[in-house]
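Have a look at the sequence and the model on the screen, and I'll walk you through them.

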Amino acid sequence: MPGYLDMATYLCEKCGKTIDSNELMGLPGIRCPVCGHRILYKSRSPIIREIKAR
Ligand SMILES: [Zn+2]
């Protein structure tokens, strides 16, 4: 399905803004709502896990 985005978080390459897929659905295309940059990194892990060193 064109335009379908699964649940994921995107990271703007230019300004580093993290964008939820729900926010992208409200936009005419995949682009950063802040700076308009079109290259977004897709991340399925919105929460950066900290690996605890013991
Ligand atoms: Zn941006």
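Leaving aside its neighbours within four places in sequence, Leu11 is in contact with Gly16, Thr18, Leu40, Tyr41 and Ser43; contact here means C-beta atoms, placed from the backbone, within 7 Å. Before going on, a caution: this is a predicted model, local features need a pLDDT of at least 70, side-chain atom pairs count only at pLDDT 80 or more, and totals for chains, interfaces and linings use all residues. Residue numbers run from 1 along each chain as its sequence is written.

Back to Leu11, which lies in strand β1. Helices (H or I, at least four residues) and strands (E, at least two) are DSSP runs, numbered from the N terminus. Leu11 and Ser43 are 32 residues apart along the chain, and their C-alpha atoms are separated by 7.3 Å. Leu11 also stands opposite Tyr41 in β3.

Now the sheet. It's open, with 3 strands in the order β2-β1-β3 and antiparallel pairing. The edges are β2 (18-20) and β3 (40-43), each with a single partner strand, so one side of each is left without a neighbour in the sheet. On average, neighbouring strands are turned by 30° against each other, direction ignored; the axes are lines fitted to C-alpha atoms, for helices over the stretch in contact, and angles run from 0 to 180 degrees between N-to-C directions.

Pairing, by the way, means that DSSP finds at least two bridges between two strands. Strand β1, residues 9-12, pairs with β3 over 4 bridges, and with β2 over 3 bridges. On the β2 side, Tyr10 stands opposite Ile19. β1 and β2 form a hairpin with 5 residues between them, and Gly16 in that turn has a positive phi of about 80°. As for the faces of β1, Tyr10 and Cys12 are on the covered one, while Thr9 and Leu11 are on the uncovered one.

Why does Leu40 count as buried? Because Leu40 has 20 C-beta neighbours inside 10 Å. Not counting residues up to four places away in sequence, Leu40 touches Tyr10, Leu11, Cys12, Glu13, Ile19, Ile30 and Cys32. For Leu40 and Ile30, 10 residues apart along the chain, the C-alpha separation is 7.9 Å.

Zooming out, the chain has 1 helix and 3 strands, and reads β-β-α-β along the sequence. Buried residues make up 7% of the 54 residues. Take contacts between residues at least 6 apart in sequence: 33% of them join residues at least 24 apart.

Last thing, confidence. The chain averages a pLDDT of 78, and 72% of the residues score at least 70; pLDDT is the predictor's confidence in each residue, from 0 to 100. Where pLDDT is low, the predicted coordinates should not be read in detail.

Terms used:
A residue is buried if 20 or more other C-beta atoms lie within 10 Å of its own, exposed if 12 or fewer, and partly exposed in between; C-beta atoms are placed from the backbone. Two residues are in contact if their C-beta atoms, placed from the backbone, lie within 7 Å.
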